[in-house]
Amino acid sequence: MTPNLVLAGFMGTGKSTVGQLAADRLEMAFLDTDQLIEALTGRTIPELFAQSEAIFRKYESIVCLQSSLLDGAVISVGGGALINEKARTALEASGLVICLTATLDTVMQRVGGSRSRPLIGTREEVGALLEARTPHYESFRYRVATDGRTPYQVLDEVMELWQYVS
Ligand code: S3P
């Protein structure tokens, strides 16, 4: 059995970009939980949030639990997905979880104008959310800082961890 490679972290840390690159490099399947939720529900993330964030979170935990049953996949999860303890435990048991990190400046530069992310608002709002979640992101054993680095530079560090741990 091949472990999964799971990329977690706040919005704008490059999980999906680096996840796709990692999957190409490792010749593994790539899944993104937000894309899976949109495919499953036929709704966009903003539409789901407009209906109810709680329902979105339920879909998110279902998709994480389902994804944890795979092996040998690269899975990028939404920024809030692993706050759910069951989802986190299941994905951690399925392979290597790496949390990508970025400062508020980097996050705002990368996704500050994003319309597809309902939790991206003013700099103050995003800063408050990032600060509130920082203990969560810091609780991951493996973390890779992405500030000032290209996706390929981040990929190299992710690959080093993958080779070391898997
Ligand atoms: C969220 C992050 C988003 C998406 C949703 C909520 C969050 O995913 O799941 O908008 O709670 O941090 P990305 O981290 O891929 O942008």
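## Packing around the loops and strands of a predicted model

T146 sits in the loop between β5 (143–145) and α8. The model described here is predicted. T146 counts as buried because its relative accessibility is 1%, which falls under the 20% limit. Setting aside residues up to four places away in sequence, T146 touches T13, L100, T101, A102, R110 and V154.

### Helix α1 and the residue after it

Helix α1 covers residues 15–26, twelve residues in total. From its first C-alpha to its last it reaches 16 Å, close to the 16 Å expected at 1.5 Å a residue. Which residues of α1 are buried? They are K15, V18, G19, L21, A22 and A23. In an α-helix there are 3.6 residues a turn, so residues three or four places apart point the same way. The cover over the buried residues of α1 includes the strands β1 (4–9), β2 (29–32), β3 (73–76) and β4 (95–101), together with α8 (151–165).

α1 is followed by E27, which is found in the loop between α1 and β2. Is E27 buried or exposed? E27 is exposed, because its relative accessible area is 75%, over the 50% limit. The phi of E27 is near 55°, a positive value in a residue other than glycine. Most residues other than glycine have a negative phi.

### Strand β3 and its partners

β3 is covered on both faces. A73 and I75 are buried on one side, and V74 and S76 are buried on the other. β3 pairs with β1 in the parallel sense over three bridges. β3 is also joined to β2 by four bridges, and these two strands run parallel as well. V74 in β3 takes part on both sides: L5 stands opposite V74, and V74 is the bridge partner of F30.

V77 has contacts with V6, L7, A8, K15, T33, C64, L82 and L91, leaving aside its neighbours within four places in sequence. One of these contacts, K15, is among the buried residues of α1.

### F10

F10 is found in the loop between β1 and α1. Its relative accessible area is 2%, so F10 is buried. Apart from residues up to four places away in sequence, F10 touches K15, G79, L100, V107, V126, L129, L130, R133 and Y137. The C-alpha atoms of F10 and C99 are separated by 8.4 Å, although the two residues are 89 places apart along the chain.

### Aromatic rings

How many aromatic pairs does a search of the whole structure find? The search finds two. A pair of aromatic rings is described by the distance of the centres and the angle of the planes, and the table gives both values.

| Pair | Centre to centre | Angle between planes | Class |
|---|---|---|---|
| F10 and Y137 | 6.0 Å | 75° | edge-to-face |
| F49 and F56 | 4.8 Å | 45° | tilted |

Why is the pair of F49 and F56 tilted? The planes of F49 and F56 are at 45°, so the pair is tilted, because stacked pairs are under 30 degrees and edge-to-face pairs over 60. F49 is buried with a relative accessible area of 15%, and F56 is buried with 2%.

A further ring, that of F140, has R88 over its face, at 3.9 Å from the ring centre.

### Nonpolar cores

The largest nonpolar core has 24 residues. Which residues have the most contacts inside this core? They are F10, V77, L82, L91 and V126. The elements that give two or more residues to this core are β1, β3, α5 (85–94), β4, α6 (104–111) and α7. Among these, α6 gives the most, with four residues.

A second, separate core has 20 residues, including L5, L100, Y142 and V158.

Technical notes
Residues numbered from 1 in each chain as written. Predicted model: local features only at pLDDT ≥ 70, side-chain atom pairs only at ≥ 80, totals over all residues. Heavy atoms only, no water. Expected span 1.5 Å × (residues − 1). Buried < 20%, exposed > 50% of the residue type's maximum accessible area, 1.4 Å probe, protein only. Contact = heavy atoms within 4.5 Å. Phe/Tyr/Trp six-rings, centres within 6.5 Å; stacked < 30°, edge-to-face > 60°. Lys NZ or Arg CZ within 6 Å of the ring centre and 35° of its normal. Pairing = 2+ DSSP bridges. Core = buried A, V, L, I, M, F, W, Y, C linked by side-chain atoms within 4.5 Å.
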